[in-house]
Amino acid sequence: DVEHPLKETVYEELNPLLEAIDHQNKEKDAIANMRKEFSANVSHELKTPLTSISGYAEIIQNGLVRPEDIPEFSGRIYKEAKRLITLVEDIIKLSRLDEEAVDIEKTDVDLYELSREICSRLSQQSAEKQVRLTIKGERVSTYGIRQVLDEMIYNVIENAVKYNVPNGSVDVWVGDTLAGPKVVVSDTGIGIPKEHQERIFERFYRVDKSHSKERGGTGLGLSIVKHGALLHHAKVQVDSEPGKGTKIQIQFPVKSPEGEV
Ligand code: ADP
C-alpha cells in the first residue's frame with residue numbers, strides 16, 4: 001500500500017516474525033502429530049497381544065478346549081505375554097532416552113569389551129539359528145552411558161542374527177578410526193530393500209511385519225539405536241542389499257582431552 005509507507009515498513013518488519021512463528025507452529029504440529037501417532041501405535045501394539053491372551057484364557061475358562069489342547073493354548077498365552085513384556089521394556093527404554101538426565105551417567109566405556117560380552121549373550125540365539133557370530137578388533141573406549149550403548153549394540157547384533165539365514169554369519173568389528181571409535185556389524189542375511197532403508201529407524205517400522213513378529217521383534221529396536229546415537233553424537237550408517245546382507249556402522253566421535261565430546 002503505497003499511500004501508507006509506515007504501514008509498509010511495519011509489514012516488512014513483521015513479516016519475518018510472522019513467518020518464524022508460523023514455522024515454529026508447524027514444527028510444534030509435527031511433534032504433536034508424531035506423539036499422537038506414537039500413542040496410537042503403542043495402544044495398537046499393546047492391545048493386540050492382550051486381546052489374544054484374554055481370548056485364549058476365556059476359551060480355556062469356559063471349558064471349550066479339549067484337555068489335550070490345553071498345552072498348546074497355554075503356550076500361545078505364554079508367547080503373547082512374553083511379547084508384551086519385550087514391548088513394554090522397549091517402550092520404557094525409549095522413553096528413558098528422551099530424558100536429559102541420562103547425561104550425568106556418562107563414563108568411559110570399552111566398546112570392544114562391551115560388544116564381546118553382548119556376542120556371548122547372543123551366542124545361544126545365534127547357534128539355534130545356525131548363524132556364526134564372530135568378533136574382531138581392538139579395545140577402544142568412548143565416553144557414554146553404558147546401559148544405552150549396550151542396548152544400541154545389542155539391538156544391531158541381534159537384528160543381524162534375527163534377519164539371517166541358516167549357515168549365515170555375523171561379523172562384528174570394533175576399533176578406532178580417524179573419525180573416532182567405530183562398531184561395524186556385517187551380516188549375510190536377507191537384506192533391506194533400498195526404499196525401506198531410511199524408514200527402519202522409525203518407531204514401529206518393520207519391513208515385513210509378520211516376519212519381524214515371528215522373530216520376536218517390536219519394531220522399536222532401531223529407534224532405540226537412533227536415539228542412543230543422538231545422545232552420543234554418533235552416526236549410524238546402513239548399507240544393505242536384499243538377498244546378500246546388511247552392514248550397520250556406528251561411528252562415535254573422537255574424544256576430546258577432557259573426555260567430553
Ligand atoms: P524389529 O523389532 O522388527 O527387529 P527394528 O527397529 O530393530 O525392529 O528393525 C526394523 C526393521 O528393519 C525390522 O523389522 C527388519 O525388517 C529390518 N531390519 C533391521 N535390521 C536388519 C538386518 N540386519 N537385516 C535385515 N533387515 C533388518
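This is a predicted model: local features need pLDDT of at least 70, side-chain atom pairs count only at pLDDT 80 or more; totals for chains, interfaces and linings use all residues.
Helix α1 spans residues 5-61 and includes Leu17. Leu17 counts as exposed because its relative accessibility is 52%, above the 50% cut-off. Together with Leu6, Val10, Leu14, Leu18 and Ile21, Leu17 makes a nonpolar surface patch of about 570 Å².

Helix α2, formed by residues 70-97, contains 28 residues. Its first and last C-alpha atoms are 41 Å apart, close to the 40 Å expected at 1.5 Å a residue. The buried residues of α2 are Phe73, Arg83, Leu84, Leu87, Asp90, Ile91, Leu94 and Leu97. One of these, Asp90, forms a salt bridge with Lys93, with 3.7 Å between the closest N and O atoms. The two residues are separated by about one helical turn because they lie three residues apart in helix α2. In general, an α-helix has 3.6 residues a turn, so residues three or four places apart point the same way.

Another of them joins Arg139 to Asp110, the closest N and O atoms being 2.8 Å apart. This pair links distant parts of the chain, 29 residues apart: Arg139 belongs to the loop between β2 (132-137) and β3 (141-144), and Asp110 to strand β1. Arg139 is exposed, with a relative accessible area of 60%, while Asp110 counts as buried at 15% relative accessibility. The side chain of Asp110 also has a polar atom 3.1 Å from the backbone nitrogen of Glu113.

A further salt bridge connects Asp150 with Arg121, again described by its closest N and O atoms, which are 2.8 Å apart. It too links distant parts of the chain, with Asp150 in helix α5 (residues 146-162) and Arg121 in helix α3 (residues 111-121). Asp150 is buried, its relative accessible area being 13%, and Arg121 is partly exposed at 41%. Both residues belong to a network of salt bridges that also links Glu117 and Arg146.

Around the ligand there are 20 residues, of which Tyr163, Ser212, Thr218, Gly219 and Leu222 come nearest. Oxygen atoms of the ligand lie 2.9 Å from a polar side-chain atom of Asn159 and 3.0 Å from a polar side-chain atom of Lys162. At Gly221, a backbone N or O atom lies 3.3 Å from an oxygen atom of the ligand. The protein covers 97% of the 530 Å² of accessible area that the ligand has on its own.

How values were computed
Residues are numbered from 1 along each chain as its sequence is written. Side-chain values use heavy atoms; hydrogens and water are left out. Helices (H or I, at least four residues) and strands (E, at least two) are DSSP runs, numbered from the N terminus. The expected span of a helix is 1.5 Å times one less than its number of residues. Buried means under 20% relative accessible area, exposed over 50%, partly exposed in between (1.4 Å probe, protein chains only). Patches are made of residues with over 30% relative accessible area and no salt bridge: like charges are joined within 9 Å, nonpolar side chains (Val, Leu, Ile, Met, Phe, Trp, Tyr) within 5 Å. Accessible areas come from the Shrake-Rupley method with a 1.4 Å probe; for residues, only the protein chains shown count as cover. A salt bridge is a side-chain nitrogen of Lys or Arg within 4 Å of a carboxyl oxygen of Asp or Glu. A residue is near a molecule or strand if one of its heavy atoms lies within 4 Å of it. A polar contact is a pair of N or O atoms within 3.5 Å; within protein, one must be able to donate a hydrogen and the other to accept it, and residues adjacent in sequence count only if both atoms are side-chain atoms.
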